[in-house]
Amino acid sequence: MVVTAVEPRRKSLSALFIDGEFALKLDTATLLENRIVSGVELTDEELHELILKSDLRRAKEKALWLISYRDHTCAELLNKLKKDFSEEAAEAAVAKMLELRLINDEEIARRYASELHNVKHLSAQSIKYKLIAKGIDKDTAEEITGELMIDPVEEITLLIEKKYANKLTDEKGKRRAFAALQRAGYHYGDIRAAMAPFLEEQY
């Protein structure tokens, strides 16, 4: 097959025409590096290799853009890249980010766990589940959560003072506060223990 035209398109892509017909869009830099111009003959294998190279370059560029926007774990980055690129290109791009030390699951997990603890005052169990949901392996999630040394009654007390103290004046408010604290991952007994002093103040 013969390349009959290479026409620039948006987003650093070029349209590749083969044997007089549009074939596909590939990364412009990849085409230039491989000297793909009108008149060049390609085998099926060479075209496939071009597609892989184009995918890999674009996947790396997308990965760099994504991690410049916000932190991503390896799993999050891989899943996003797989929406636009082949699994092979996505995995290679993630591997490159790791090689360049631009992503680090453990560092991301520690920052995220600290935020969930210090800002949202979630339970240890909830923090662990959220870390795992971000793609952090279970052992690392448990280790990092354990390091936080979370006292559930103390954390619930902080949450009550911050959000629910003025809602404990009637049964409806108590139920809502109780339900919200349970959704934050805290157990029944700990919630009752933390809530008791606030209820006593009403009498």
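## A walk through the helices

Start by selecting Glu76, which is found in helix H3; helices here are DSSP runs of H or I with at least four residues, numbered from the N terminus. This is a predicted model, in which local features need pLDDT of at least 70 and side-chain atom pairs count only at pLDDT 80 or more, while totals for chains, interfaces and linings use all residues. Residues are numbered from 1 along each chain as its sequence is written, and side-chain values use heavy atoms, with hydrogens and water left out.

Is Glu76 buried or exposed? Glu76 is buried, with a relative accessible area of 16%; buried means under 20% relative accessible area and exposed over 50%, with partly exposed in between, using a 1.4 Å probe and protein chains only. Now show what surrounds Glu76: not counting residues up to four places away in sequence, Glu76 touches Arg70, Asp71 and Lys134. A contact here means heavy atoms within 4.5 Å.

Select Lys134 next, in the loop between H6 and helix H7 (138-147). Lys134 also counts as buried, at 14% relative accessibility. Leaving aside neighbours within four places in sequence, Lys134 is in contact with Arg70, Thr73, Ala75, Glu76, Ile108 and Tyr112.

**Stop two: H5 against H6**

Keep Tyr112 on screen and select H5 (residues 105-118) together with H6 (residues 124-133). These two helices pack at an angle of about 145°, with their axes 10 Å apart. Axes are lines fitted to C-alpha atoms, for helices over the stretch in contact, and angles run from 0 to 180 degrees between N-to-C directions. Which residues make the contact? H5 supplies Ala109, Tyr112, Ala113, Leu116 and His117, and H6 supplies Ile127, Lys130 and Leu131.

**Stop three: H4**

Move to H4 (residues 87-99), whose 13 residues reach 18 Å from the first C-alpha to the last, close to the 18 Å expected at 1.5 Å a residue; the expected span is 1.5 Å times one less than the number of residues. Colour the buried residues of H4: Ala89, Ala90, Ala93, Val94 and Met97. Look down the axis of H4: these buried residues fall within an arc of 135°, so they line one face of the helix. The arc is that of the directions from the helix axis to the C-beta atoms. The buried residues of H4 pack against helix H2 (44-69) and helix H3 (74-81). On the other side of H4, Glu88 and Glu99 are exposed.
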